[in-house]
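Subject: Structure handover

Hello,

Here is the structure I promised to pass on. Please open it beside this note as you read.

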Amino acid sequence: MQATAIAQPNIALIKYWGKRDIDRNLPAVGSISITLSDLQTKVSVELRDGLSDDILLVNGDENQAMLPRMSACLDKVLGQSRLRASMQSHSNFPIAAGLASSASAFAATTVAAAGAANLSLGTQDLARLAGASSGSAARSLYGGFVELKNADDNITLTPLCDVDSWPLQVVVAITQTGPKATGSTEAMEISRETSPFYDNWVAQQEYDLEVARAAIDRRDFAQLATIAEHNCLKMHSVMWASRPPMVFWNAATMRCLQTVRRLQGEGHQVFFTIDAGPQVKAVCLPADVDAVSQALAETSGVQEIMTTGLGSAARLVESL
Ligand code: PMV
């Protein structure tokens with residue numbers, strides 16, 4: 001009754017922002033992401049007789065704040081009359097800071113829970129269960145480039161291109177650590193209810209997905225760069241125009257964007273994307289990774305740089 005799983009976060013190039021069904025946590029739009037290799041979350045789940053409540057340790061410390069969502073994740077996989085569980089989660093990168101730690105945490109928890117109960121679920125089912133806990137987590141059930149589509153009554157996931165076929169690199173510039181002010185579910189609902197740009201955001205997403213899919217199919221970096229930056233800035237424009245406005249950026253975030261523009265002007269193949277946090281992710285070709293990491297490391301206000309390639313799907317492992 002015990003299993004451990006590992007999952008890597010993913011970064012959306014065409015982003016998910018907004019829900020069409022809050023109770024089932026179904027997204028309003030499809031998305032396309034890349035799963036990363038070097039950042040990872042390992043979760044072990046032990047289902048125990050005689051335990052009166054779930055227990056959660058995050059990086060070695062008891063964590064009451066995340067416990068309700070982790071317990072709800074177990075309920076989704078195992079049903080509410082399940083045994084209580086002792087869970088341990090370890091991430092090798094800052095959590096709740098716009099680095100997609102919820103994607104890797106809920107993907108790993110879903111796989112570990114199914115493993116602990118010996119359920120034989122397919123990847124698509126595991127992805128749907130993970131997505132019910134955190135929309136972006138569904139994508140970490142696959143490696144490489146992944147598309148999450150809105151099907152009639154659910155989501156479906158399609159791998160678009162594997163890691164070796166287009167081995168892009170991602171340089172993450174951390175401009176601020178510590179948890180973010182507004183969680184993504186709340187922020188998405190504020191956007192849906194108040195942003196004058198929200199309906200256009202949803203309406204245009206299919207076109208952005210098509211352009212990105214075609215760019216990935218042809219390994220066309222320039223086209224992927226243009227549509228990914230546009231999609232990212234459009235998502236943030238939705239947030240900025242919400243009431244209250246949600247600005248996740250800081251001054252260093254903006255300086256990183258200027259660094260990426262300068263690198264592009266010098267001929268480097270790189271583009272930026274930013275999620276619901278102040279960190280900048282610069283996606284580049286392997287030949288450009290040294291120049292990109294050096295330039296971002298030298299950008300004023302950047303605290304730390306992490307470089308990663310693209311990685312594989314969430315999976316069971318032997319132990320923590
Ligand atoms: O999965 P959530 O609820 O953490 O939402 C993730 C939203 C973004 O990271 C901003 C975009 C995305 O598609 O990952």
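Predicted model: local features only at pLDDT ≥ 70, side-chain atom pairs only at ≥ 80, totals over all residues.

Residues are numbered from 1 along each chain as its sequence is written, and side-chain values use heavy atoms, without hydrogens and water.

**Domains**

The chain is assigned domain 1 (2-165) and domain 2 (169-308). These bounds come from an automatic or database domain assignment. Taken over C-alpha atoms, the two centres are 22 Å apart. Domain 1 puts 32 residues into the contact and domain 2 puts in 45 residues (contact means heavy atoms within 4.5 Å).

**Interface**

The two domains bury about 3,100 Å² between them. Of that area, 71% is on carbon and sulfur atoms. Buried area here is the accessible area (1.4 Å probe) that two parts lose on being put together, summed over both. Ile14, Lys15 and Trp17 supply 28% of what domain 1 buries against domain 2, more than any other three residues.

The rule finds 2 salt bridges across this interface (a side-chain nitrogen of Lys or Arg within 4 Å of a carboxyl oxygen of Asp or Glu). Lysine 15 and aspartate 275 also meet in a salt bridge through their side chains, at 2.6 Å from N to O.

**Ligand**

Where does the ligand lie? Both domain 1 and domain 2 give residues to the shell around the ligand, so it lies between them. There are 14 residues around the ligand (each with a heavy atom within 4 Å of it). Tyr16, Ser134, Ser136, Arg139 and Ser184 come nearest.

For arginine 139 the distance is 2.7 Å. For serine 134 it is 3.0 Å. For serine 102 it is 3.3 Å. Taken alone, the ligand exposes 380 Å², and the protein buries 92% of that (Shrake-Rupley method, 1.4 Å probe).

Best wishes

Conventions:
Polar contact = N/O pair within 3.5 Å; in protein donor to acceptor, adjacent residues only side chain to side chain.
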